Amino acid sequence: MVNPVKKNTVFRLWIGIGVFWLIFAGCAQTIPEEALQLSIESLEDRQLQTRRFHTDEKTLLSASAAVLQDLGFNINESETELGVIVASKQRDATTPSQVVGAVIVAVLTGAVMPIDKEQLIRASLVTRPIHMDDTDKSKCRTAVRITFQRIVSNTQGQITRREGINEAKIYQTFFDKLAQSLFLEAHEI
Amino acid sequence: MKRKQRFTTALLFALVFLASCAPSTRQILATQESQVKLRAIQTRVFDATDTDKMLRTVIATLQDLGFIVDKADHVLGAVSGTKLDQYILRMTVSVRPRGDTQLLVRANAQYNITAVENPEPYQQFFDALSKAVFLTAHPVD
């Protein structure tokens, strides 16, 4: 007869191996099919994230850098030859609803639930000349596209969210500020 | 009973052995595919000569695909971007002249912690890029 205790151990070992395999199989993830595919949304996103201004590329780039600074971003990388500015900032990510939820859980069960704590917000801004005029700056036309991303981590230091940002309001506000910055710089304020 | 015990011990040893014979430093120079095959998958030739324009188009394409540009270097002709969608997809694209009439565009990508070495994602990327430059992407001959 098989000893039930030993049988249990063997069973557990098999489960352990199973889990082990699953973890390792999980490592070999493959890229999702739609990751590098142009979608209808890509066009919508482009429109959302792009604006055209009646100015030359250099002026637009420096005005953009100024707006990013206004918003508390630090510039990580810039390549003016290609019209690229990369900036980021690290900020608080706590939301009242999560805090309330965690407090309720703590009161009811005594367990500490991790909540979102910090976020790294990244922005990359790219300008593209549409029409160039060497004599009159105001006749130049330049497009600017900005994209935001954020990485949120919780109170235990784990990453809870990695996402691109597609809220129309955010982009709208950014471009409003950029228009203002261009105006201010044109008048040297 | 003894047989089962021996079997489990052997299995444990096998696992420990497997774990120990593959140091993680081997990842530094590891690739799944051969160098030649990998280059064929990741490289396309375009009948264009303006490196600057191609780089700007690469940047625009990356943005269209949901990437944010991390780095761009005009002299080196390289652009890197990251796409976040619960996963991390990092991509570097380089552009360099090939002879006097063509440009060579090479892309390589990393999905979370693995290299992307199957041809389809690259094909999709070059399709998007071709559309943006209004040119056909030729495989390297």
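Biologist: Which residues of H4(B) are called buried, and by what criterion?

Modeller: In this predicted model, where local features need pLDDT of at least 70, side-chain atom pairs count only at pLDDT 80 or more, and totals for chains, interfaces and linings use all residues, they are B:Pro121, B:Tyr122, B:Phe125, B:Phe126, B:Leu129 and B:Val133, since a residue is buried if 20 or more other C-beta atoms, placed from the backbone, lie within 10 Å of its own, exposed if 12 or fewer, and partly exposed in between. Residues are numbered from 1 along each chain as its sequence is written, and chains are lettered from A and ligands numbered from 1 in the order in which they are written.

Biologist: What do the buried residues of H4(B) pack against?

Modeller: They pack against helix H2 (35-42), strand S1 (43-46), helix H3 (51-64) and strand S5 (102-111) of chain B, a contact being two C-beta atoms, placed from the backbone, within 7 Å.

Biologist: How does the radius of gyration of chain A stand against that of a compact globule?

Modeller: A compact globule of 189 residues would have a value near 16 Å, whereas chain A has 25 Å, with the radius taken over C-alpha atoms and the globule rule being 2.2 Å times the number of residues to the power 0.38. The C-alpha atoms of chain A fill a box of roughly 100 × 40 × 30 Å along the principal axes, and buried residues make up 22% of its 189 residues.

Terms used. Helix = DSSP H or I, 4+ residues; strand = E, 2+ residues; numbered from the N terminus.
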